[in-house]
Amino acid sequence: MTTVLGSNLRIKSELPFDVEVQRSRRKSAVIYVRNGKAEVRVPNRTPNYWVKQFVHEKRDWIEQQLKAEQIRKSEQYSLRNGASIPFLGQPLQIRHVANADVHINRQELILPADDLFTDAAKEFHSWLKHQATEYIVPLANKLAEQAQVDNKLRNIKFKKTKSRWGHCTRDGDIQFNWLIMLGPPEIVHYLVAHEVCHLVHMNHSRAYWAVVDSLCPARKAAQKWLRSNEHKVLALH
Ligand SMILES: [Zn+2]
């Protein structure tokens, strides 16, 4: 494989992965492993031999990270025919059926099949958004009442983003990622409680977590679940 040093110098390397080097006005060297390669950031004027040695020293760690990234990627849910995907934590097998409406039939999730796979995805996401609205709006209202902030909750919206589950503004607008609906009910409960409690405290202070815990005693277990599982869900497109 190749190593790219600087912007235009490309040298052969015996390393089994790609390395990209960026020089800038930073003070120390750092390596990020992502998108199947190692990105090395070093201060300006760091000599190439130093960079090479640095990468070689970190080689085992880089390879571990690359492996972990690959595993996380292989675990991501997809909408392929025959793939497995959960809905409210229950595993379903995806079956593509020509011209079908998206629905659940026993243990199967039926998706419309067509040559342009993007249509199946589009239909799926609009179905999931609908499911999220039906499930989450009443739950958010109930939790807001429990936390005595139902007067502050103004609007609940749904949007799919790649990096976050929800968002709450000072004006009382809460936004949820409809991919939440793939998680088990206790995870949905936590994520909804998390945003609703921001109507009490717009921060992650001790006082804020105390309110979350009063609505969602299993909060820590939910956070742990998210740390090990959210990469499977958030990449679905
Ligand atoms: Zn928060």
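Start by selecting Val200, in the loop between helix H4 (185-197) and helix H5 (206-215). Helices here are DSSP runs of H or I with at least four residues, strands are E runs with at least two, and both are numbered from the N terminus. This is a predicted model: local features need pLDDT of at least 70, side-chain atom pairs count only at pLDDT 80 or more, and totals for chains, interfaces and linings use all residues. Residues are numbered from 1 along each chain as its sequence is written, and side-chain values use heavy atoms, with hydrogens and water left out.

**Around Val200**

Val200 is partly exposed, at a relative accessible area of 31%. Buried means under 20% relative accessible area, exposed means over 50%, and partly exposed is in between (1.4 Å probe, protein chains only). Show its neighbours next. Leaving aside residues up to four places away in sequence, Val200 touches Ala147, Val149 and Val211. Contact means heavy atoms within 4.5 Å. Now draw a C-alpha to C-alpha distance from Val200 to Arg170. It reads 9.9 Å, for two residues 30 apart in sequence.

**The zinc site**

Select the zinc ion. Which residues coordinate the zinc ion? His194, His198 and His204 do, each through NE2, at 2.0 to 2.1 Å. Donors are N, O and S atoms within 2.8 Å of the metal (3.2 Å for Na, K and Ca); water is not among the atoms, so sites may look incomplete. Along the chain, the donors of the zinc ion follow the spacing H-x3-H-x5-H. Colour two of these residues by accessibility. His194 counts as buried at 12%, and His198 counts as buried at 9%.

**Helix H5**

Move on to H5. Its buried residues are Tyr208, Trp209, Val211, Val212 and Leu215. They sit on the same side of H5, because they cover an arc of only 155 degrees around the axis. That arc is taken from the directions from the helix axis to the C-beta atoms.

**Helix H6**

Select residues 219-234, helix H6. H6 has 16 residues, yet its end C-alpha atoms are only 20 Å apart, short of the 22 Å that a straight helix would reach at 1.5 Å a residue. The expected span is 1.5 Å times one less than the number of residues. Where is the kink in H6 centred? Zoom to Ser228, where the kink is about 55 degrees. The bend at a residue is the angle between axes fitted to the seven residues ending there and the seven starting there. Then show the buried residues of H6, among them Ala222, Leu226, His231 and Val233. The buried residues of H6 pack against helix H2 (59-75), H4 and H5.

Go to Arg45, in the loop between strand S5 (37-43) and helix H1 (48-57). Arg45 is not a glycine, but has a positive phi of about 70 degrees. Arg45 is exposed, at 81%.

Gln148 is next, in the loop between helix H3 (117-146) and strand S10 (155-158). Its phi is also positive, near 55 degrees. Gln148 is exposed, at 65%.

Finish the loops at Leu79, between H2 and strand S6 (84-87). Is Leu79 buried or exposed? Leu79 is buried, at 2%. Its C-alpha is 9.1 Å from that of Arg95, 16 residues apart in sequence.

**Zoom out**

Colour by domain: domain 1 is 2-75 and domain 2 is 118-234. These bounds come from an automatic or database domain assignment. The C-alpha centres of the two domains lie 37 Å apart.
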